Amino acid sequence: MMIWINLAGLILIGLIVWWFWLYKAQSTQIKDGSIKVLVKDGVYQPANITVPAHQSVQLMFVREDATPCAETLLIPELDINETLALNKRVTVTIPASSAGVYPFHCQMQMYRGTLVIK
């Protein structure tokens, strides 16, 4: 019995290490001026988005996750704060910006992503 408890603990520790330190979120580059971002299962899909500098782009968020945390999108450095309606497309326009790395997240920072402007 004791071996099963220890084995379950080791598996749980392994999953925690994978999720917080080893997991690499899906990445993509915008080429045509817009992209769809799915908010589902606790993550943004894709979570790492690369866009060209000095060019306005549109991120189309579709929230399929009903949790309250998924309702708000914040990109603090670009002064963007949007409410994402459940199962509806919400278009967020990223203004032409200088090169840099801009994190985006929900209000509790449980959902996280990165906008890379090159």
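Colleague: In what order do the elements of the chain run from the N terminus on?

Modeller: Reading from the N terminus, the order is α-β-β-β-β-β-β-β-β-β-β. The radius of gyration is 17 Å, well over the 13 Å that the globule rule gives for 118 residues, so the chain is more spread out than a compact globule. Keep in mind that this is a predicted model.

Colleague: What does the C-alpha trace span along its principal axes?

Modeller: The spans are about 60 × 30 × 25 Å. As for burial, 36% of the 118 residues count as buried.

Colleague: How should I read the side chains of a strand, and which way do those of strand β6 point?

Modeller: Side chains in a regular strand alternate between the two faces of the sheet. In β6, residues 72-75, Thr72 and Leu74 point one way, while Leu73 and Ile75 point the other way. All four of these β6 residues are buried.

Colleague: Which strand do the bridges join to β6, and how do the two run?

Modeller: Strand β7, residues 80-83, is joined to β6 by 4 bridges, and the two run antiparallel. Isoleucine 75 has isoleucine 80 in β7 as its bridge partner. The two strands form a hairpin with 4 residues between them. In that turn, aspartate 79 has a positive phi of about 60°.

Colleague: Where else is phi positive in a residue other than glycine?

Modeller: Asparagine 87 is one case, with phi near 60°. Asparagine 87 sits in the loop between β7 and β8, and counts as exposed because its relative accessibility is 54%, where exposed means over 50%. Glutamine 109 also has a phi near 60°; its place is the loop between β9 and β10. At 46% relative accessibility, glutamine 109 counts as partly exposed.

Colleague: What kind of peptide bond joins glutamine 45 and proline 46?

Modeller: The bond is cis, with omega about 0°. Proline 46 belongs to the loop between β3 (43-45) and β4 (48-51).

Colleague: Now the surface. Which residues form a nonpolar patch there?

Modeller: The patch consists of Leu10, Leu12, Ile13, Ile16, Val17 and Trp21, and together they have about 620 Å² of accessible area. Take isoleucine 16 as an example: this residue lies in helix α1, residues 2-22. Isoleucine 16 is partly exposed, because its relative accessible area is 39%.

Colleague: How much accessible surface does the chain have, and what share belongs to carbon and sulfur atoms?

Modeller: The accessible surface of the chain comes to about 7500 Å², and 59% of that belongs to carbon and sulfur atoms.

Technical notes:
Residues are numbered from 1 along each chain as its sequence is written. This is a predicted model: local features need pLDDT of at least 70, side-chain atom pairs count only at pLDDT 80 or more; totals for chains, interfaces and linings use all residues. Side-chain values use heavy atoms; hydrogens and water are left out. Patches are made of residues with over 30% relative accessible area and no salt bridge: like charges are joined within 9 Å, nonpolar side chains (Val, Leu, Ile, Met, Phe, Trp, Tyr) within 5 Å. Accessible areas come from the Shrake-Rupley method with a 1.4 Å probe; for residues, only the protein chains shown count as cover. A salt bridge is a side-chain nitrogen of Lys or Arg within 4 Å of a carboxyl oxygen of Asp or Glu. Buried means under 20% relative accessible area, exposed over 50%, partly exposed in between (1.4 Å probe, protein chains only). The radius of gyration is taken over C-alpha atoms; the globule rule is 2.2 Å times the number of residues to the power 0.38. Two strands pair if DSSP finds at least two bridges between them.
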